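Hi everyone, thanks for making time.

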Amino acid sequence: MKVFPKGIVSKKDRSQITPENAVEYLESLEWYVYGGSFFESTGTFGQGKLTL
């Protein structure tokens, strides 16, 4: 299953995030949201390792 995670990024971290390290950054967050209407859900909270 594909996930499309979203997380809160601080202003100080924005310039440091690249396509190459985005997954690692999201996995380091305390929480993120994944899922959405494509997956017939309103979204689910997650943390840690992403399943891509």
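So, E27: buried or exposed, or something in between? At 23% relative accessibility, E27 is partly exposed. For the cut-offs, buried is under 20% relative accessible area, exposed is over 50%, and partly exposed sits in between, using a 1.4 Å probe and protein chains only.

Before I go on, this is a predicted model, where local features need pLDDT of at least 70 and side-chain atom pairs count only at pLDDT 80 or more, while totals for chains, interfaces and linings use all residues. Residues are numbered from 1 along each chain as its sequence is written, and side-chain values use heavy atoms, with hydrogens and water left out.

Back to E27. Which residue does E27 form a salt bridge with? That's K49, and their closest N and O atoms are 3.9 Å apart. This pair ties together distant parts of the chain: E27 is in helix α2, residues 22-28, and K49 is in the segment after β2 (44-46), 22 residues apart. K49 is exposed, by the way, at 69% relative accessibility. We call something a salt bridge when a side-chain nitrogen of Lys or Arg is within 4 Å of a carboxyl oxygen of Asp or Glu.

How many salt bridges does the whole structure have? The search finds 2. K12 and D13 also make one, with N to O at 3.5 Å, and K12 is exposed at 67%.

Now the overall layout. The chain has 2 helices and 2 strands, in the order α-α-β-β from the N terminus. Those are DSSP runs numbered from the N terminus: H or I for helices, at least four residues, and E for strands, at least two.

What about the inside? Of the 52 residues, 17% count as buried. The largest nonpolar core has 5 residues, namely Y25, L26, L29, Y32 and L50. A core here is a set of buried Ala, Val, Leu, Ile, Met, Phe, Trp, Tyr and Cys residues joined through side-chain atoms within 4.5 Å.

Take L26 from that set. Leaving out residues up to four places away in sequence, L26 touches P5, K6, G7, Y32 and L50. Contact means heavy atoms within 4.5 Å.

One last stop, on the outside: I8 is exposed, with a relative accessible area of 61%, and its place is in the segment before α1 (11-14). That's my bit, thanks!
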